[in-house]
Amino acid sequence: MPQTTTTTTWDKLISKKRFETTDPKYSTDESVRGEFQRDYDRIIFSPAFRRLQNKTQVMPMPESDFVHNRLTHSLEASVVGRSLGRIVGKSILERHPELAQEKTIQEADFGDIVAAACLAHDIGNPPFGHSGEDAISAYFQSEEAQPYLTALTAAELNDLVRFEGNAAGFRVLTYTYPAHCSMTGGLSLTYTTLATFTKYPKESLPEIAGTKNTSEKKYGFLQTEKAWFNTIAQELGLLKKGAEGEVFYHRHPLAFLVEAADDICYRIIDFEDGLKLGLVPQEQGMDLFRRILNDAPGRKSSLTFFDWREEIGYLRARIINKLIEETTALFLQHESGILAGTYDKPLINELACKPVLDEIKDLSIRLIYQNRPVLEIEAAGFEVLGGLLDACIKAVFKPESKHHRKLAALVPPQFIKLPDGATDYERIIHITDFVAGLTDQAAINLYRKIKGIELPRMY
């Protein structure tokens with residue numbers, strides 16, 4: 001596969017241009033609130049972000065009020081991302097002072113870009129976590145779905161049978177439903193924030209089996225948004241990859257910091273959840289945390305803790321601070337390779353404490369993610385999401401049935417009413433948007449109702 005040998009430059013990579021926005025009123029005074037902070041604010045106030053409060057992070061549908069959900073995870077990742085961005089931004093501006101002089105870029109801008117992208121990094125995830133992605137993929141591979149897929153291209157089909165929350169997230173941020181508004185562009189975020197959000201800047205085909213490049217392991221946008229990402233990539237000067245005609249690029253450099261913030265938070269904070277829920281043995285977990293900090297066995301803290309849970313929180317805070325410092329140092333060490341497209345692996349993989357982080361990951365998989373209640377709810381989620389997709393797609397493709405017309409009436413109109421000439425792929429994507437956008441509880445409630453398991457109360 002041909003690779004570029006040129007480098008990209010920060011002066012193109014940091015752009016305040018907004019996606020699909022030509023209205024001059026958006027050229028506003030930045031003295032109080034910068035353009036990238038506006039991106040952050042728009043994401044915070046979006047309905048899709050708010051729905052993350054009822055989407056799985058560690059435990060599906062937890063009864064404990066301690067356990068993180070997708071919303072709290074995203075907020076914490078954005079805090080880590082802001083620190084990563086600001087520390088890196090300070091050094092980048094020292095190395096490239098023309099950015100501040102010619103483009104009025106500040107170190108806070110780097111922090112706001114990464115924080116906004118981190119805030120949105122899970123915004124396209126379906127109910128029931130990564131199991132939900134598998135459930136949607138499985139439905140489109142099933143016999144029930146085949147009659148509706150015959151007119152799709154290979155790339156369109158691959159978008160569905162390898163459903164990807166990252167690509168769904170890019171659509172959430174950039175797509176406006178015609179039934180909602182005449183202005184396109186979704187949240188109209190800046191090009192730089194959208195590119196930083198996109199950890200996998202390629203379409204679903206070609207699949208690259210066995211790749212060691214982290215940005216090639218998944219895909220970052222659907223066929224419906226392919227042309228839009230291509231525009232963003234060209235505007236920012238992202239380095240091209242792949243064959244002629246493929247929308248396939250090297251990452252925006254700041255996407256490595258988004259990945260690192262997510263890695264740090266889920267690796268450490270999910271494990272903390274497991275400890276506090278009693279899924280991970282207390283002493284074993286605390287020993288792993290101390291090893292990351294290089295604390296000597298029996299090291300006495302200047303603080304006295306009367307609750308081991310509070311001590312875990314203290315250790316977690318110290319660990320995150322340590323990992324932020326080490327991760328930013330690695331990014332700056334590899335800046336030239338990242339700009340040239342020759343560096344393409346998670347920064348967390350080069351941390352000195354990676355062997356301990358790997359132990360934490362293995363223990364989390366075994367004791368937390370594969371805990372029986374988690375597996376039971378995820379298995380039920382397969383039935384729920386597959387059942388909802390099947391019912392809703394039949395409602396769209398077989399409207400002559402009275403039963404299907406009633407099902408269609410339960411789906412919000414923006415997912416059903418498409419412009420004349422919409423393709424089968426577009427109709428399916430809209431229904432997939434609806435199902436993937438549901439919260440865990442909303443998906444279960446709707447499934448129970450359409451299957452007659454539970455009837456709504458009549459007032």
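Helices here are DSSP runs of H or I with at least four residues, strands are E runs of at least two, and both are numbered from the N terminus. On that basis, the protein comes to 20 helices and 0 strands. Its radius of gyration, taken over C-alpha atoms, is 23 Å, close to the 23 Å that the globule rule gives for 459 residues, so it is as compact as a globular protein of that length; the rule is 2.2 Å times the number of residues to the power 0.38.

Keep in mind that this is a predicted model, where local features need pLDDT of at least 70 and side-chain atom pairs count only at pLDDT 80 or more, while totals for chains, interfaces and linings use all residues. Residues are numbered from 1 along each chain as its sequence is written, and side-chain values use heavy atoms, leaving out hydrogens and water.

**Overall build**
- The C-alpha trace spans about 70 × 55 × 45 Å along its principal axes.
- Buried residues (under 20% relative accessible area, 1.4 Å probe, protein chains only) make up 54% of the 459.
- Of the contacts (heavy atoms within 4.5 Å) with a separation of 6 or more, 74% link residues 24 or more positions apart.

**Pockets**
- A pocket is an open set of points on a 1 Å grid over the protein atoms alone, with protein on both sides within 12 Å along at least five of seven lines; lining residues have an atom within 4 Å of a point.
- The largest pocket holds about 1,100 Å³, a volume being the space filled by probe spheres set on the points, which are joined across faces, edges and corners.
- Its lining has 41 residues, with His130, Lys218, Asp262, Asp263 and Tyr266 nearest the centre.
- By class, that lining has 19 charged (Asp, Glu, Lys, Arg), 10 nonpolar (Ala, Val, Leu, Ile, Met, Phe, Trp, Tyr, Cys, Pro) and 12 polar residues (the others, Gly among them).
- The second largest pocket, at about 680 Å³, is lined by 28 residues, and Ala48, Arg51, Val172, Tyr175 and Tyr177 are the closest to its centre.
- The lining of the second largest pocket divides into 15 nonpolar, 8 polar and 5 charged residues.

**Cavities**
- A cavity is a set of grid points where a 1.4 Å probe fits but cannot get out, and 3 of them have 30 Å³ or more.
- The largest cavity has about 50 Å³ of space, and helix 19 (residues 424-437) gives the largest share of its lining, 4 residues.

**Glutamine 223**
- Glutamine 223 sits in the loop between helix 10 (191-197) and helix 11 (226-236).
- Glutamine 223 is buried, at 17% relative accessible area.

Notes
Buried < 20%, exposed > 50% of the residue type's maximum accessible area, 1.4 Å probe, protein only.
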